[in-house]
Amino acid sequence: MAHIIVVGNEKGGAGKSTVSMHVATALARMGHKVSALDLDLRQRTFGRYCENRQSFLKDSGLDLPSPHCHDLPEVDADDLKPGENVYDQRLSAAVAELEPSNDFILIDCPGSHTRLSQVAHSLADTLITPLNDSFIDFDLLAHTDASGDKITGPSVYSEMVWNARQLRSKAGLPAIDWIVVRNRMGAQRMVNKDKMERAIQNLSKRIGFRVAPGFNERVIFRELFPRGLTLLDLKDIGIKQLNISNIAARQELRDLVKSLKLPGVDADF
């Protein structure tokens with residue numbers, strides 16, 4: 001039975017697709033069989049990332065470990081029973097097909113609230129929520145007072161995760177291991193950074209998630225997308241000497257994968 005990893009956040013620009021591709025590729029490089037689904041049926045950033053990778057590898061004659069990316073199967077509306085949702089059935093059919101033959105299924109969700117995203121969260125064994133280091137993004141998890149120090153209540157995304165947890169509990173499934181990843185952080189130590197750290201740690205105790213380090217803001221991530229590459233592929237494409245920024249980014253990836261505590265994974269890559 002595959003372990004299902006969902007990468008979700010209802011706000012765009014948090015780095016979901018970058019995290020998804022790097023985590024999925026890291027797992028594939030460790031020898032795990034990994035399949036992936038992009039639930040953003042309109043923008044398809046993660047799907048495009050996967051397509052870019054396959055095109056580049058084919059044109060370059062390279063064979064690098066990669067996740068197997070799949071489209072959701074089509075479902076004939078005439079085959080639905082009364083009350084069944086077509087998106088529920090498409091996602092369920094995809095997962096049912098992939099579960100027996102994979103170690104991990106990674107699902108990348110859109111940066112908005114959709115039926116597919118809602119259902120995917122209820123399937124998550126591990127939920128990764130990348131979060132920009134900003135109170136604008138933090139507002140998706142919880143509301144704060146004007147100082148940013150006092151949490152006044154949960155916000156829409158936290159409530160959606162809570163509902164997903166309730167559904168899993170009723171179905172007798174294990175609890176979701178929810179990890180909030182502080183992503184796209186600047187290198188400098190700033191007052192806002194310290195405030196965000198305190199707010200996230202405080203909220204983690206109240207609504208039950210773990211906090212993990214993500215990626216600092218680096219140009220390399222924007223440069224990798226057109227070729228579908230990750231930090232782990234640089235030496236394979238002929239870059240023999242990594243610069244300090246690339247080495248630091250690879251370590252950030254190791255730290256992230258290790259912090260996920262996935263079954264059978266020791267983050268040795």
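**Entry 1: the largest pocket**

I began with the largest pocket, which 27 residues line. Nearest its centre I found Gly15, Lys16, Ser17, Thr18 and Thr45. I noted that the model is a predicted one. The volume of the largest pocket came out at about 530 Å³. I sorted its lining by class: 11 residues are polar, 8 are nonpolar and 8 are charged.

**Entry 2: the second largest pocket**

Next I looked up the second largest pocket, with about 200 Å³ of space. Its lining has 14 residues. Asp38, Arg44, Gly47, His70 and Asp71 lie nearest the centre of this pocket. Two or more lining residues come from each of β2 (34-38), α2 and β3 (68-70). Which element gives the most to this lining? I found that α2 does, with 4 residues. By class I listed 7 nonpolar, 5 charged and 2 polar residues in the lining of the second largest pocket.

**Entry 3: the disulfide**

I reminded myself that a disulfide is a covalent bond between the sulfur atoms of two cysteines. How many disulfides does a search of the whole structure find? I got 1. Cys50 is joined to Cys69, with an S to S distance of 2.1 Å. I placed Cys50 in helix α2 and Cys69 in strand β3. They are 19 residues apart, and the pair links distant parts of the chain. I also looked up the torsion about the S-S bond, which is about -50°, so this disulfide is left-handed.

**Entry 4: two helices**

Last, I turned to helix packing. Two packed helices are described by the angle between their axes and the distance between the axes. I took helix α1 (residues 16-29) and helix α9 (residues 244-260). Their angle is about 75°, and their axes are 11 Å apart. Angles of 65 to 115 degrees count as roughly perpendicular, so α1 and α9 are roughly perpendicular to each other. I listed who meets whom. From α1 come Val19, His22, Val23 and Ala26. From α9 come Leu253, Leu256, Val257 and Leu260. I classed the residues of this contact as 7 nonpolar and 1 polar, with no charged residue.

How values were computed: Residues are numbered from 1 along each chain as its sequence is written. This is a predicted model: local features need pLDDT of at least 70, side-chain atom pairs count only at pLDDT 80 or more; totals for chains, interfaces and linings use all residues. Side-chain values use heavy atoms; hydrogens and water are left out. Axes are lines fitted to C-alpha atoms, for helices over the stretch in contact, and angles run from 0 to 180 degrees between N-to-C directions. Angles under 35 degrees count as roughly parallel, over 145 as roughly antiparallel, 65 to 115 as roughly perpendicular and the rest as oblique. Contact means heavy atoms within 4.5 Å. Ala, Val, Leu, Ile, Met, Phe, Trp, Tyr, Cys and Pro count as nonpolar, Asp, Glu, Lys and Arg as charged, and the others, Gly among them, as polar. On a 1 Å grid over the protein atoms alone, a cavity is a set of points where a 1.4 Å probe fits but cannot get out, and a pocket is an open set with protein on both sides within 12 Å along at least five of seven lines; lining residues have an atom within 4 Å of a point. Grid points are joined across faces, edges and corners, and a volume is the space filled by probe spheres set on the points. A disulfide is a pair of cysteine sulfur atoms within 2.5 Å.
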